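Please read it alongside the sequence and the structure.

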Amino acid sequence: MGCASSRSAQSSEAYLVFVAYDKNKNGKVDANEVKNLLKDLGLDYSPGHVRSAIRQMDRDKNGTIDWKEFGVWYKNNKPLQVARKLFKKYDIDKSGSLSLDELQKMLHEFKYQGNVTDALYEMDRNRSGSVELDEVIYWISNRNRGQLKKLFDSYDTAPKDGRLNRTEVKRLLRDIDRDDRNEIVDDIFHKMDKDGNGIISFEEFFSWYARHQAIQDCMDLFCEYDEDDNDRIDITELGKLLKDLSMDADPQEVMSVVDTDKNGLITLDEFVGWYMASHKLKRLRDIFSKYDSNRDGSLDRGEFLYVLMDLGMPCNDEHLSKAIGEIDRDGSGRIEFGEFCKWFKHDVQSRRVYACCTCRKTKSRIHG
């Protein structure tokens, strides 16, 4: 898949959003529907801004907005683009992260009504005291659950029971990817249907869509830096990408890892695989570091106790010893990062660590 396919996917995504907000199904969106969209995207939806957005969308100036006009506008205003624009604008010192003051200015433009300190704690998933670009993207994307719920509900037809059957999922996939082949539908339906009951709940849909969108955003990023549009990223383009993302890495070293066929160029498949894996590993490292309070690179019995407590798991001596015994494969009495990763990956219950570390609004016992 190359950038042409990525652009096609972007159009499909825009169409999916358009259909959800075109309530009367006349192939147009009116001012009230645009207002609801801006609100769900977390953008300014005051009357003046709604009029401004409509002027931007209505490219042929005929007073109506069809889905192609909407698609052009949406490409530049989807959550990923909004996050990157705001981040770049308010990262005044070009440090690659937002301080509390910088974050406050960004949130003011974002029309955020809450407390800036609470927002910092909510966004700062690695507890660094500042907010990085991927944390802003994650936060903005999560604020769009209302938008996704509208998308979901628009495909929940008969009966409207808050769930999607296979036929409804097939129609949704056709609008997203223009691909409703039975084998594709069956594969994706199986991935969505986590509990295996043959019906897709909103939470199952949201989980699948989030991953689908993460991959699409990754593809968008690739295409933005593929400046000569040859479906490859060379060392110069890679250097610009790493610099703009404030990734402290040597382009040559990254190239040597990502360029699996060693031709000096990075394909889209190579980039997506590396980017998704590197961010997942970074998240695991952030979680591990949160509990490694003495920063010695491992979790001792006391530190791991806090992991179990945050999970809401039994924490008496017997359960603690049993858990450590299962994870501590080298018998050192301590849990190394590699052991923690394997536990996180294979123990279904342990995946709740991620939610505890990244989404909790109460401070950790370690740092409280």
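The protein exposes about 19,000 Å², and carbon and sulfur atoms supply 51% of that area; accessible areas come from the Shrake-Rupley method with a 1.4 Å probe, and for residues only the protein chains shown count as cover. The model is predicted: local features need pLDDT of at least 70, side-chain atom pairs count only at pLDDT 80 or more, and totals for chains, interfaces and linings use all residues. Residues are numbered from 1 along each chain as its sequence is written, and side-chain values use heavy atoms, with hydrogens and water left out.

**Overall make-up**

- The protein has 19 helices and six strands, where helices (H or I, at least four residues) and strands (E, at least two) are DSSP runs numbered from the N terminus.
- Of the 368 residues, 44% count as buried; buried means under 20% relative accessible area, exposed over 50%, and partly exposed in between (1.4 Å probe, protein chains only).
- Among contacts between residues at least 6 apart in sequence, 54% join residues at least 24 apart, a contact being heavy atoms within 4.5 Å.

**Helices α6 and α7**

- The axes of α6 (residues 100–109) and α7 (residues 116–123) come within 10 Å and cross at roughly 105 degrees; axes are lines fitted to C-alpha atoms, for helices over the stretch in contact, and angles run from 0 to 180 degrees between N-to-C directions.
- The two helices α6 and α7 are therefore roughly perpendicular to each other, on a scale where angles under 35 degrees count as roughly parallel, over 145 as roughly antiparallel, 65 to 115 as roughly perpendicular and the rest as oblique.
- On the α6 side the contact is made by Leu100, Leu103, Gln104, Met106 and Leu107, and on the α7 side by Val116, Ala119, Leu120 and Met123.
- These residues divide into eight nonpolar, one polar and no charged; Ala, Val, Leu, Ile, Met, Phe, Trp, Tyr, Cys and Pro count as nonpolar, Asp, Glu, Lys and Arg as charged, and the others, Gly among them, as polar.
- The buried residues of α7 are Val116, Ala119, Leu120, Tyr121 and Met123.
- Asn115 caps the N-terminal end of α7, with a side-chain oxygen 2.8 Å from the backbone nitrogen of Thr117; a polar contact is a pair of N or O atoms within 3.5 Å, where within protein one must be able to donate a hydrogen and the other to accept it, and residues adjacent in sequence count only if both atoms are side-chain atoms.

- Asn36 sits in helix α2 (residues 31–41) and is partly exposed, with a relative accessible area of 31%.
- The C-alpha atoms of Asn36 and Val50 are 14 residues apart along the chain and separated by 9.6 Å.
- Lys61 belongs to the loop between α3 (47–57) and α4 (67–75).
- Lys61 is exposed at 60% relative accessible area, and its side chain reaches the backbone oxygen of Arg55 at 3.1 Å.

**The loops on either side of α12**

- Ile199 lies in the loop between α11 (182–192) and α12 (202–225) and counts as partly exposed at 22% relative accessibility.
- Leaving aside neighbours within four places in sequence, Ile199 is in contact with Arg163, Leu164, Asn165, Phe189, Asp193 and Glu204.
- The C-alpha atoms of Ile199 and Val169, 30 residues apart along the chain, are separated by 9.6 Å.
- Asp229 is in the loop between α12 and β3 (232–233); its phi is near 55 degrees, a positive value in a residue other than glycine, and it is partly exposed at 45% relative accessibility.
- Asp231 also lies in the loop between α12 and β3, with a positive phi near 60 degrees and a relative accessible area of 28%, which is partly exposed.
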